Amino acid sequence: MEVAYLMLVNRPAVLANLAAFAILALAERGVRRMLLWLVTGTAIGWLVEFSSTHTGFPFGYYVYHQESFAGELAAGGVPIFASLSFAALTYLGYSSACTLLSPLRGAGAAVRRVEPDSLSTSWRLWVLAAVLITWMDIVIDPITLLGRYWHLGDLYHYEPAGIHFGVPLSNYGGWLFTALVIVGINQLIDARLRAAGSSPAPLYSLPFQPFWSVGGQAGTYVYMICVTLYLLVADVTPAGTPLMAILLSTLTFTGAYAVFTTAMIRRGFSAPAADSGTCAPLKGASGSAWR
């Protein structure tokens with residue numbers, strides 16, 4: 001109970017991300033696939049963080065400050081709330097990619113995406129989801145590295161510090177790698193479930209459902225902008241902290257995300273609803289297409 005209470009008090013952003021993930025995944029994929037994504041995403045997230053904090057692969061070497069999450073659930077020096085975030089953030093990227101690659105039909109709150117049969121195992125979905133996830137992390141990590149100056153807390157530092165506002169470029173390569181693994185494994189799981197006759201079984205429908213994930217990612221960008229503006233106004237960081245440069249970088253990546261997603265969504269409304277086969281399915285170990 002104390003562990004749950006500490007997460008509730010200390011990690012509201014993590015809980016908000018997990019709640020958004022659960023609400024959206026249940027509405028899009030159902031209980032089984034939501035739980036499978038939660039388990040695989042968290043387990044892989046923990047594994048890559050444990051690896052990086054001990055060997056430097058795949059994110060680069062960094063050190064968690066154990067005193068900053070004393071009393072909270074951790075394993076091998078890695079806080080579990082950080083591992084849980086991998087499941088939530090990767091699903092948001094996956095769902096956003098589904099929206100951007102699917103024809104969109106309807107209007108207002110009844111808008112829906114018409115996913116082609118081949119989309120769930122598409123290499124385009126796999127790659128775009130990983131790119132969207134990494135894209136968002138390029139904005140998140142320079143701000144989380146300054147967590148000691150806002151409510152996040154002083155969680156970790158890189159050794160040595162990287163060239164992107166203290167973050168090494170290997171971190172983004174690590175995120176791309178991790179996203180590819182988590183999304184790819186869940187695509188494989190989905191393919192096996194479909195082959196066994198188990199299709200996604202959404203529990204309910206949400207208004208504006210295709211846009212929840214895109215909106216969730218956009219909200220993260222806006223949140224990071226607000227935190228950066230707070231740090232600028234509050235003047236709590238040491239002299240020389242490149243906050244203005246971080247803000248300009250954040251605004252640039254946010255603007256690029258807005259332009260890209262808007263263009264893809266407009267394309268979705270004009271795309272044919274039938275499965276055109278443009279999303280080529282990935283191949284399984286046997287060489288046959290996943291179905």
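Predicted model: local features only at pLDDT ≥ 70, side-chain atom pairs only at ≥ 80, totals over all residues.
Author: Ala, Val, Leu, Ile, Met, Phe, Trp, Tyr, Cys and Pro count as nonpolar, Asp, Glu, Lys and Arg as charged, and the others as polar.

Reader: How many residues line the largest pocket, and which lie nearest its centre?

Author: The lining holds 37 residues. Nearest the centre are Asn17, Ser85, Leu89, Ile140 and Thr144. Two or more lining residues come from each of α2 (12-28), β1 (62-64), α4 (80-101), α5 (123-144), β6 (156-158), α6 (169-195) and α7 (212-234). The largest share, 7 residues, belongs to α2. By class, the lining has 24 nonpolar, 9 polar and 4 charged residues.

Reader: What about the second largest pocket: which residues lie nearest its centre?

Author: They are Glu28, Arg29, Arg113, Glu115 and Pro202, out of 21 lining residues. The elements giving two or more residues to that lining are α2 and β5 (112-113). The second largest pocket has a volume of about 400 Å³. Its lining has 11 nonpolar, 3 polar and 7 charged residues.

Reader: Back to α6. What span should its 27 residues have?

Author: At 1.5 Å a residue, α6 should span 39 Å. The C-alpha atoms at its ends are 39 Å apart, which agrees.

Reader: Which residue follows α6, and what is its phi?

Author: Gly197 follows α6, with a positive phi near 90°.

Conventions
Residues numbered from 1 in each chain as written. Heavy atoms only, no water. 1 Å grid on protein atoms, 1.4 Å probe; cavity = no way out; pocket = protein on both sides within 12 Å on 5 of 7 lines; lining within 4 Å. Helix = DSSP H or I, 4+ residues; strand = E, 2+ residues; numbered from the N terminus. Points joined across faces, edges and corners; volume = space filled by probe spheres on them. Expected span 1.5 Å × (residues − 1).
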